[in-house]
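Here are some friendly notes to go with the model. Please have the viewer open as you read through the points.

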Amino acid sequence: MALSGDRALGRRRQLSDEVAAYVRDLIMSGQVRHGEFLRLERIAEDLGVSVTPVREALLSLRGEGFVTLEPRRGFMPAPLTRQDVQDLFEAQAYFAGELAARAAGRITEAELEALDRTQALLEEASKARDSAAIERANHRFHRIINLCADSPKSSWLLQLVVRYAPSRFYSSIDGWTQASVDDHHLVLAALRAGDGDAARQAMRAHIRHAGTLLVVHLEAQGFWSEQPG
């Protein structure tokens, strides 16, 4: 009975984490913004879950300072400034760059071939405008590099920051997919050369590029028109 209860609790926590990731993506991609309430029933319906993991996810996001709870009214996104977005991507760029530099000194021919195959899948998905395939290939590309670095603590720190990047909606951001295709070639070239400094700089430039595109996307949506930026 206890084992069954543990499994149920684990599944509920997993659902809550999945909902939290979805809401972060909604906020970071500009789908919802400060001043708009997050409707629990709507989120539950969109994800095919009950309201309970949605409420737990929003409470967790409140603890992160990502949403606020208005008494008797509900949850809404906390204010998000341009500097907040830039800071998040600068932190991501730092850790991703360090991992790429370490990977450059350890990567094997087999891993380079896996990156080549993944990059080819990304380019095929980009031509087909297959959003799900784009996101899978991009995630796999970065995951291979991070695993090559063999730096679990740095990888863990990167994961903490990356969860604030809107991966679920990134392919809808103008220029993002082509930027990934182009920037990855520079990262690959540095890794093939075993040049850690070049890999670090190429990866940091790639992540910063993504952050700039997100800021431009949010500005085009008028995201900061009624809040400080």
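Helices (H or I, at least four residues) and strands (E, at least two) are DSSP runs, numbered from the N terminus. This is a predicted model, in which local features need pLDDT of at least 70 and side-chain atom pairs count only at pLDDT 80 or more, while totals for chains, interfaces and linings use all residues. Residues are numbered from 1 along each chain as its sequence is written, and side-chain values use heavy atoms, with hydrogens and water left out.

1. Helix H8. The 18 residues of H8 (residues 176-193) should span 26 Å at 1.5 Å a residue, and the end C-alpha atoms are 26 Å apart, which agrees (the expected span is 1.5 Å times one less than the number of residues). Buried residues of H8 include Trp176, Ala179, Asp183, Val187 and Ala190. Their cover includes H4, helix H5 (109-128), helix H6 (131-149) and H9, where contact means heavy atoms within 4.5 Å. Just after H8 comes Gly194, with a positive phi of about 65°.

2. His184. This residue is found in helix H8. Is His184 buried or exposed? With 0% relative accessibility, His184 counts as buried. Apart from neighbours within four places in sequence, the contacts of His184 are Gln119, Leu122, Asn138, Phe141, His142 and His206.

3. H5 against H8. Two packed helices are described by the angle between their axes and the distance between the axes. Axes are lines fitted to C-alpha atoms, for helices over the stretch in contact, and angles run from 0 to 180 degrees between N-to-C directions. For H5 and H8 the angle is about 165° and the axes are 10 Å apart, so the two helices are roughly antiparallel to each other (under 35 degrees counts as roughly parallel, over 145 as roughly antiparallel, 65 to 115 as roughly perpendicular, and the rest as oblique). H5 and H8 cross in a left-handed sense; a crossing is left-handed if the near helix is turned anticlockwise from the far one by less than a right angle, and right-handed if clockwise. On the H5 side, the residues that meet H8 include Leu112, Asp116 and Gln119, while those on the H8 side include Thr177, His184 and Arg192. By class, this contact of H5 with H8 divides into 6 nonpolar, 6 polar and 3 charged residues (Ala, Val, Leu, Ile, Met, Phe, Trp, Tyr, Cys and Pro count as nonpolar, Asp, Glu, Lys and Arg as charged, and the others, Gly among them, as polar).

4. H4 against H9. Helix H4 (residues 82-104) packs with helix H9 (residues 196-220) at an angle of about 155°, and the axes are 7 Å apart. H4 and H9 are therefore roughly antiparallel to each other. Their contact has 15 nonpolar, 5 polar and 7 charged residues. The crossing of H4 with H9 is right-handed.

5. Two arginines to look at. Arg72 lies in the loop between strand E1 (67-70) and strand E2 (74-77), and has a positive phi of about 65° although it is not a glycine. At 85% relative accessibility, Arg72 counts as exposed. Arg129, in the loop between H5 and H6, is not a glycine either, yet has a positive phi of about 55°. Arg129 is exposed, with a relative accessible area of 75%.

Conventions. Buried < 20%, exposed > 50% of the residue type's maximum accessible area, 1.4 Å probe, protein only.
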